[in-house]
Amino acid sequence: MRRSKKLLAGAALAVGVVLSTGGTGIGWAADGGVREKGVESRNEMWAKKYPNQYNSWKETSQNDEITDLVAKKPQLAVLWAGYGFAKDYNAPRGHFYALQSNINTLRTGAPVGPATGPMPTACWTCKSPDVPRLMDEQGELEYFTGKWAKYGHEMANSIGCADCHDSQTAQLKISRPYLLRGLEAVGVDTAKITKNDMRSLACAQCHSEYYFKDTEWTDKDGNKKVAKVVTLPWDNGLTAEDMEKYYDDIGFNDWVHKISKAPMVKAQHPGYEIFRSGIHAKSGVSCADCHMPTQKGEGGTYSDHHIASPMANIDTVCLNCHEQSAEDLKAVVENKLARKEQLMEIAMDNLAKAHLEAGKAWELGATEAEMKGILLDIRHAQWKWDYSIASHGSFFHAPEETLRLLSVANETAQAARLKLVQVLAKHGAVEYMAPDFSTKDKAQALAGVALPAEIAEKEKFRATLLKEWEKQAAEKGLLDPETRKGMSNKTSYNKGA
Ligand code: HEC
Ligand code: HEC
Ligand code: HEC
Ligand code: HEC
C-alpha cells in the first residue's frame, strides 16, 4: 500500500471543506443549476450544461443483464416463503434500469388502477429523481401515502442528476429527508456534513437499510391519512446487532414466514452501514473514490458517472492508492468473494432447513411454547445473514464484518436446528430430513409460489396500465420517449423481451 499524494489530498479535503447547501463553496458549482425553482427530474435537461457527466451517467445503461438469483440460489425461495422476494429477485444492474427493474419485478404485482396492488408508494423511493420532485410538489407525507400505482404515471426518469444534485445550484445535495433524520438520530450534526462525507452520503440515500414506518397525519383539507414513511432503523447505531435490537424493541416484522411461522425482518441493502465498518471507510475513502473515479474529458477532468463495478477499472481506481499489479488485486478480490460465497451457502442451507424443520414440527403438533425460542433464533440468524450479504459489495467493502456475521448466522441457525431435533423427536419424527430445495422450481413449490399465475397477471399489467402510465408521462412532458430508444426490456420471466 502506497500512501499516495492523492489519498492524502483527499483526506485533507475531508476535514477542510464544509458543504454549505445554499452557498457556492465548491468550485464547479460556479456553472450553476438547470432551473430557477423546483426539481429537474429529466436527466436530459442537464446534458447540455454537463455533457461529460451526462454521457458517462448514460453508460450505466450498459449493464442491463438480468441475473436471476432465485434460480442461482434456490434456497432463497425457502428463506423468503410468504414474502415477495420468493417470486423474483435479481442481481443489481445499472442505475439507468432501476425504474424498469422496479416496474417489471413480480414483487410490485399487477395493479389495475391507482389504489390497487401489494406495494405502497414508498417502493419508488430509490428509483427515480421524480421522487424528490414529487416530495417538493406535494409534500413528503402525501408522497408516502397510498399505493405504488398512485404514482405510476409520475415516475418517468431513472436514478439521475436530481437524486444527488440540487437543481438550482448543481451542488451535491441529500434529496431524501429520511437520511438526514437517520443521521441526526445517531448524533451527526447535518449542518456540518463535509464534501467528502457527501461523496458517500449521496449513495447512502438508497444503499441503506430501511423500513416503512406507519405515520398518521392530517392533510390540508382535514383528512386523516396514514403514510408509510421510509425510515432508517439507526437509533441504536449502524451494526447488524444495533438494528436487530431496534426492530426487536418495536416488535417489527416485515412478514411472518409461511413455513416456519417465524416473525421475520428482511434486510434491504445496508451497503453504506456495513461499508462504514471496513478499512477503506476508516481510512477516509468514499464511495465515489472507487465508483466514480476522475476522468479526462473535453474541457477538463470530471467524475465518471458510469457507476458500476470498479473491477473493470482497476488501473484508474485502485492503482491510485495501491502498488500491487492489477492482476494481483483482482485475485485478492476474487478470493474475498469465494470466502464469502462458501460461508453464505452454508448459512442459506442451514436456514432453509431450519424453516422446513420448523414447518414439520408445527405439522406434528408442536406448541407455541416449544417453538418460541426456535423462531427467535431463526429470525436473528436470517437477519444477520441478510444484513451481511444483501448489499452485494460487502465481501469487499467490509470482509471481516461480513464473515463474522455469516459465522454468527450459522451458529444461531444451528442452535435452532439442534432444538428442532428435540421437538421433532418429541412429536414422533426421529430422523426427519427436510425436502429437496435444490432447484428454483422445487424451492418455489415448497414456498407456495404460483409462478405462472403471477407472470400472467404481470404481463397483463405491462400490456395495459403500464402503457397508459407511459403515455400520460409523455403527455405531461416528464418523459421524452427518445431517451428510451434502444433500451432493452429484460426480465427474469420473459426472456424474449
Ligand atoms: C436514488 C437511489 C440510488 C442512489 C442515490 C444510488 N444508488 Fe446505486 N443503485 C440503486 C438501485 C435501485 C440499484 C439497482 C438497479 C437495478 O438493478 O435496476 C443500484 C445499483 C448500483 C450498482 C450496481 C451497478 C451494476 O452495474 O452492477 C452500484 C455499483 C451502485 N448502485 C453504486 C452506487 C454508488 C457508488 C452511489 C453513490 C455515488 C449510488 N449507487 C447511488 C439506487 C441508488
Ligand atoms: C448517485 C449520485 C449522483 C448522480 C445520480 C449524479 N451525480 Fe454528479 N456527482 C456525484 C458525486 C458524488 C460527484 C463528485 C463530487 C465531488 O467530488 O466534488 C459528482 C460530481 C458532479 C459534478 C462536478 C464535476 C465533476 O464531474 O466532479 C457535476 C457537474 C455533476 N456531478 C453533474 C451531474 C449530472 C449532470 C448528473 C446527471 C446526468 C449527475 N451529476 C448525476 C453524484 C451524482
Ligand atoms: C475501495 C473501493 C470501494 C469503495 C470505497 C466502495 N466500493 Fe463498492 N465495490 C467495490 C468493489 C471492488 C466491488 C465488487 C465489484 C465486483 O464484484 O465486481 C464493489 C461492489 C459494490 C456494489 C455491488 C455491485 C454489484 O453489481 O454486485 C455496490 C452496490 C457498491 N459497491 C456500492 C458502494 C457504495 C454505496 C459505497 C459507499 C458506501 C461503496 N460501494 C464503496 C469497491 C468499492
Ligand atoms: C483512495 C485510495 C484507495 C483506493 C481508490 C482504493 N484503496 Fe484499497 N486501501 C486504501 C487504504 C488507505 C487501505 C488501508 C490500508 C492501509 O492503511 O495500509 C486500503 C486497503 C486495501 C486492502 C487491504 C484491506 C482488506 O480489506 O483486505 C485491499 C485488499 C484493498 N485496499 C484493495 C483495493 C481495491 C481492489 C481497490 C479498487 C477497487 C482499492 N483498494 C481502492 C486506499 C484505497
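1. Start with aspartate 166, which sits in the loop joining H8 to helix H9 (177-185). Keep in mind that we're looking at a predicted model. This aspartate is buried, because 21 other C-beta atoms lie within 10 Å and the cut-off for buried is 20 or more.

2. What does aspartate 166 touch, leaving aside residues up to four places away in sequence? The answer is Gly33, Gln171 and Lys173. Have a look at glycine 32 too: its C-alpha atom is 9.4 Å from that of aspartate 166, although 134 residues separate the two along the chain.

3. Stay in the loop between H8 and H9 and you'll find alanine 170. Alanine 170 isn't a glycine, yet its phi is positive, at about 70°. It counts as buried because it has 22 C-beta neighbours inside 10 Å.

4. Lysine 261 is another non-glycine with a positive phi, here about 65°. You'll find this lysine in the loop between strand S3 (255-256) and strand S4 (263-264).

5. Now for ligand 2. There are 22 residues around it, and Tyr50, Cys161, Cys164, Tyr302 and Ser303 come nearest. Which elements each supply at least two residues of this shell? They are helix H2 (51-58), helix H8 (161-164), helix H10 (195-204) and strand S6 (300-303).

6. Sorted by class, the shell around ligand 2 holds 14 nonpolar residues, six polar ones and two charged ones.

Technical notes. Residues numbered from 1 in each chain as written. Chains lettered and ligands numbered in written order. Predicted model: local features only at pLDDT ≥ 70, side-chain atom pairs only at ≥ 80, totals over all residues. Near = placed C-beta within 6 Å. Helix = DSSP H or I, 4+ residues; strand = E, 2+ residues; numbered from the N terminus. Nonpolar A, V, L, I, M, F, W, Y, C, P; charged D, E, K, R; others polar. Buried ≥ 20, exposed ≤ 12 C-beta atoms within 10 Å, placed from the backbone. Contact = placed C-beta atoms within 7 Å.
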